[in-house]
Amino acid sequence: MQSLHLSGLSQTELAEFVAGLGEPAYRARQIFAGLHQRRLRSFDELTDLPKELRAKLSARSTASTLALESRYLSADGTRRYLMKTHDGFPVETVFIPEERRDTICFSSQSGCPLQCTFCLTAQLGLLRNLTAGEIVEQIIIALNDAYGVSVKAPRGTNLVGMGAGEPFLNFEALMKAIRIMAEPHGLYIVPRRVTVSTAGIVPRIRELATIPDRPHLAVSLAAPADELRNKLMPINKKWPLTELLGACKDFQKALKPGERFTFEYVMLDGVNDSDEQARQLANLLNRHELRAKVNLIPHNPAEPLSYQPSPPERVELFREILESKGVHAFVRRPRGRDILAACGQLAARAANPAQTVSDFAPAQVESLAI
Ligand code: SAH
C-alpha cells in the first residue's frame, strides 16, 4: 500500500488531514504552499515546519511519488521527461519552450486503452489511470527542471492534456488535478491556461459543458467520415461522428467568452489528406454548424507505425480548401520529434544517448527558447 500522496489533495482535504494530526490549520496552508507554490518534493525541504511535524508527515504520507528516470533534449529546445510511478509504470511529460509562454504537455494515463492506429502510445495498451497527485507532480517536475526549484515561471505556463492516455477516461482525477493546480496559493495555473484533448468520449464532453471552471476543449477527428474514422480511431464505433459532433454542437452553445474549442486533425499521407477529404471535412463541420477552428497536425512518424506525414504542400492545400469553405484551419508545427516527444510518440522509449541529459542547468532553457 502506498502512503497518502499529499500533492494530490485539495486544500480542504489537506486541512482535514492536518487537523487529524492534531495540528493547527495554518500548518496545512504552509504545507500546501511548500508543495505547490514552492514546488518542494520532500518534507525535509519544508524547513518552515518543526522537525517533529516533518517526521510525523513522513511517517504517514509522502510529498512525491514519481521518480524521474530520464530526460531528453531536442534540437528545438523541447524536453521530454520519462518518469516512473511508485508501482513501476511509465509516465511521460513534455516541456515545450515557446516565444510567448512555455507549454507543458502532461499525461493522464500510463499507456492508453484507445487503439488509434497512428499513435504509438496505443501500442502500450492501458497500464493504469494516473492519480490527481501524479498529474500535478508531472507539472512540478517539469517546472523545476526548466526554471529551477521554487523559481516562478517567467512568462506563466500553459498546460495541454495531450500526452499519453485519454484524459476523459480518467475524468475525475483529471478535473481534481486541474482544480488543485488552479489554487492561487499553489501552482496558480488557471483553467483558461489549460487545454484538454479527447478522442471523443461523448458523455464527458457533455459533462464538461456543465462545469463552470473548465479547461479549453480540443477534439481529435482524424477523418471526415465514419468509415475511415472507425479504422483510424476505433472509439468511433462507440460514438460515431453524428453523436460526437452533436455533443460538440451543444458544447459550442455553452461556450463562454474567451473560451477556446478546437478540432485536431492528424495528417496521414495518402490516407486522410486528399482535396476531396478536405471538402468532406468542411461540409461535415458546416452541416453541424460548428465554427471551431481546426488544427492540422502533420503525422509524427515512429516505428512500427506504417504512416507517413503528409507533405507540407499537401497540408497547405488541405488548409486552403478548408478556409475556402469558411473553416478556419492552422498548421501545427511539430516539436520534439527527434526525441520522440511529439504528439503520438509517447511510448516510454529511450531516445538517442546523445540527447539524454544527465545534468543541465535550468538557465539553459532561456537560450534554448525559440
Ligand atoms: N487521447 C487524447 C489525447 C492524446 S493525443 C486524444 O486523442 O485527443 C493528442 C493529439 O495527438 C490527438 O489529436 C491525436 O490525434 C494526435 N496524435 C496521435 N498520434 C499522432 C501522431 N503520430 N502524429 C501526430 N499527431 C498524433
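Visitor: How many disulfides does the count come to in this structure?
Guide: A disulfide is a covalent bond between the sulfur atoms of two cysteines. In this predicted model, a pair of cysteine sulfur atoms has to lie within 2.5 Å to be counted. The sulfur of C112 has its closest cysteine sulfur in C116, at 6.5 Å, which is too far for a bond, and the sulfur of C116 has its closest one in C119, at 6.3 Å, again too far for a bond. By this rule, the number of disulfides comes to 0.

Visitor: Is C112 buried or exposed?
Guide: A residue is called buried when its relative accessible area is under 20%. C112 has a relative accessibility of 10%, so C112 counts as buried.

Visitor: Which residues is Q252 in contact with, leaving aside its neighbours within four places in sequence?
Guide: Q252 is found in helix α8, which covers residues 241-253. Its relative accessible area is 10%, and therefore Q252 is buried. Leaving aside the neighbours within four places in sequence, Q252 is in contact with E289, L290, R291 and A292.

Visitor: Where is the place of R337, and which term describes its accessibility?
Guide: R337 sits in the loop between β14 (329-331) and α11 (364-368). Among its contacts, leaving aside neighbours within four places in sequence, are P298, H299 and N300. Buried would need a relative accessible area under 20% and exposed one over 50%, so R337, at 31% relative accessibility, counts as partly exposed.

Visitor: How many Å apart in space are R337 and L14, C-alpha to C-alpha?
Guide: Along the sequence, R337 and L14 are 323 residues apart. In space, taken from C-alpha to C-alpha, the distance between R337 and L14 is 40 Å.

Technical notes:
Residues numbered from 1 in each chain as written. Predicted model: local features only at pLDDT ≥ 70, side-chain atom pairs only at ≥ 80, totals over all residues. Heavy atoms only, no water. Helix = DSSP H or I, 4+ residues; strand = E, 2+ residues; numbered from the N terminus. Buried < 20%, exposed > 50% of the residue type's maximum accessible area, 1.4 Å probe, protein only. Contact = heavy atoms within 4.5 Å.
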